[in-house]
Amino acid sequence: QVHLVESGGGSVEAGGSLTLACEPSGDIYSNKCIGWSRQAPGKEREGVAHIYIGAGITYYADSVKDRFTISQDSANGTLYLQMNNLKPEDTAIYYCAVAPPRAGAGGEWFGACNFQHWGQGTQVTVSS
């Protein structure tokens with residue numbers, strides 16, 4: 001079982017930047033993908049960005065392309081999300097998540113990854 005702990009959320013003005021971090025524990029490398037999802041008030045959770053574990057290939061939602069960058073520290077597995085030029089519509093709870101190799105009940109698809117395990121989340125608030 002993988003345990004995920006997010007940090008780095010906060011409040012910024014539009015145009016500002018934040019970097020989120022996710023510290024995983026457990027066997028993350030048996031998973032297919034690791035990434036970030038977010039849930040804005042009154043909306044469903046949506047995928048933001050992820051990495052295909054082992055291949056290092058990244059995938060982004062269209063809404064964050066060219067503004068957000070996902071990366072992973074190969075030494076300890078910590079996952080990062082660098083968020084630049086933040087907009088009020090980026091306001092949400094951001095979750096770190098992993099996708100096992102096989103899809104499962106209750107999983108959420110983002111690209112070719114079926115995310116099934118999430119951390120507790122960290123709040124990001126962007127004011128206009």
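Analyst: A polar contact is a pair of N or O atoms within 3.5 Å; within protein, one atom must be able to donate a hydrogen and the other to accept it, and residues adjacent in sequence count only if both atoms are side-chain atoms. The model is predicted, so local features need pLDDT of at least 70 and side-chain atom pairs count only at pLDDT 80 or more, while totals for chains, interfaces and linings use all residues. Residues are numbered from 1 along each chain as its sequence is written, and side-chain values use heavy atoms, with hydrogens and water left out.

The setting comes before the detail. The protein has 13 strands and zero helices; both kinds of element are DSSP runs numbered from the N terminus, with helices (H or I) of at least four residues and strands (E) of at least two. The radius of gyration is 14 Å, close to the 14 Å given by the globule rule for 128 residues, so the protein is as compact as a globular protein of that length. That radius is taken over C-alpha atoms, and the rule is 2.2 Å times the number of residues to the power 0.38. Of the 128 residues, 43% are buried. Here buried means under 20% relative accessible area, exposed means over 50%, and partly exposed lies in between, with a 1.4 Å probe and protein chains only.

Arg-67 counts as buried because its relative accessibility is 9%. A polar atom of its side chain lies 2.9 Å from the backbone oxygen of Ser-63.

Asp-66 is in the loop between S6 and S7 too, yet it is exposed, because its relative accessible area is 83%. Its phi is near 70°, a positive value in a residue other than glycine.

Which residues does Arg-67 touch, apart from those up to four places away in sequence? They are Gln-82, Met-83, Asn-84, Asn-85, Leu-86, Lys-87 and Asp-90, where a contact means heavy atoms within 4.5 Å.

Two of these partners deserve a separate description. Asn-85 is found in the loop between strand S8 (79–83) and strand S9 (92–99). Its phi is near 50°, again a positive value in a residue other than glycine, and Asn-85 is partly exposed, because its relative accessible area is 42%.

Asp-90 is found in the loop between S8 and S9. It is buried, because its relative accessible area is 0%. A polar atom of the side chain of Asp-90 lies 2.8 Å from the backbone nitrogen of Lys-87. Not counting residues up to four places away in sequence, Asp-90 touches Arg-38, Arg-67, Phe-68, Asn-85, Val-124 and Val-126. Asp-90 and Ala-14 are 76 residues apart in sequence, while their C-alpha atoms are 9.4 Å apart in space. Across the protein, among contacts between residues at least 6 apart in sequence, 59% join residues at least 24 apart.
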